[in-house]
Amino acid sequence: MADAQRHVARFTNDSRIPGWDRAADLTKEPAVVPDAATTEVPAELRAAIEDAVRRFPVGDSAFIPALYAVQEQYGWCSPEGIEQAASVLGRTPAALTAVATFYDMFRMEPLGRKTVYVCTNISCSLCGADELLEALEAELGEAPDVHIRGFECLGACDIAPMASVNGIYVGPIGLDQVPELARQIVAGDDPLPAKQLIKRPCADPKVAEK
Ligand code: FES
């Protein structure tokens, strides 16, 4: 048994779990809840978090909307924003950071506020997602304040190949529509309105056309 344990594969920082690239610093002082009386919180951020708290029976359930509010305020989950949210929620910044770093849609570094997630999972990939991502990256590569990346299944496989543009699901996206979509993203316009999932009476584009 001891031999078997010695041969367990290790990843970075001696972790046995892939993806955990930053080990906990066990020498640090225990985290404390930021003092609500002395932590300055922008009024709109405080209001958004307090509104989220009111919607749930347990305050911890508001972590995700609170983190979204931080991201909205600062463009990313900045340490300052997390500290502020923690003070409103009465929890440690570490508790919020643990949630933020688990989910892919929270940005832990400053990236563009305009997000373009191109699904490259199997259904979209079979319908040309890799070419779509490449074409969008080529069009948007230098655009300011835009963050484009490939993403695992976004749960809209029936409109493959698709992308989430600032949270709006758009698809199927043809390569010939990439220049128009890129222009709309940069300008902050509604992305391909006729291809938005939310505007369809049915996800099947053939049915929606009737
Ligand atoms: S595979 Fe692209 S949304 Fe599911």
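User: Looking at helix 7, what span should its twelve residues have at 1.5 Å a residue, and what do the end C-alpha atoms say?
Analyst: This is a predicted model, by the way. At 1.5 Å a residue, the twelve residues of helix 7 should span 16 Å, and the end C-alpha atoms sit 16 Å apart, so the two agree.

User: Ok, and which residues of helix 7 are buried?
Analyst: Ala-129, Leu-132, Leu-133, Ala-135, Leu-136 and Leu-140.

User: Where do those sit around the axis?
Analyst: On the same side of helix 7, because they cover an arc of only 165° around its axis. In general, an α-helix has 3.6 residues a turn, so residues three or four places apart point the same way.

User: What covers them?
Analyst: The cover over the buried residues of helix 7 includes strand 1, helix 6 (122-126), strand 2 and helix 8.

User: Let's talk cores. Which residues touch the most other members in the largest nonpolar one?
Analyst: That core has 24 residues, and the ones touching the most other members are Val-116, Val-118, Cys-119, Leu-132, Leu-136, Met-162 and Ala-163. Elements giving two or more residues to it are strand 1 (114-119), helix 7 (129-140), strand 2 (146-151), strand 3 (163-165), strand 4 (168-170) and helix 8 (178-187).

User: Which element gives the largest share?
Analyst: Helix 7, with six residues.

User: I'm curious about Cys-119. What does it touch?
Analyst: Leaving out residues up to four places away in sequence, Cys-119 touches Cys-124, Ala-129, Phe-151, Cys-153, Leu-154, Pro-161, Met-162 and Ala-163.

User: And what about a second core, how many residues does that have?
Analyst: The second core is separate and has 17 residues, among them Ala-48, Ile-49, Ile-82 and Ala-86.

User: Switching to helix 4 and helix 5: at what angle do their axes cross?
Analyst: Roughly 120°, with the axes of helix 4 (residues 79-89) and helix 5 (residues 93-102) coming within 8 Å. The crossing is right-handed.

User: Which residues make the contact?
Analyst: On helix 4, Ile-82, Glu-83, Ala-85 and Ala-86; on helix 5, Pro-93, Leu-96, Thr-97 and Ala-100. Of these, Ile-82 and Ala-86 also belong to the second core.

User: Zooming out, how many helices and strands does the protein have?
Analyst: Nine helices and four strands. From the N terminus, the order is α-α-α-α-α-β-α-α-β-β-β-α-α.

User: Last one: what percentage of the residues are buried?
Analyst: Buried residues make up 26% of the 210 in the protein. As for contacts between residues at least 6 apart in sequence, 56% join residues at least 24 apart.

Technical notes
Residues numbered from 1 in each chain as written. Predicted model: local features only at pLDDT ≥ 70, side-chain atom pairs only at ≥ 80, totals over all residues. Core = buried A, V, L, I, M, F, W, Y, C linked by C-beta atoms within 7 Å. Buried ≥ 20, exposed ≤ 12 C-beta atoms within 10 Å, placed from the backbone. Contact = placed C-beta atoms within 7 Å. Expected span 1.5 Å × (residues − 1). Arc of directions from axis to C-beta. Axes fitted to C-alpha atoms, helices over the stretch in contact; angles between N-to-C directions. Left-handed = near helix turned anticlockwise from the far one by under 90°.
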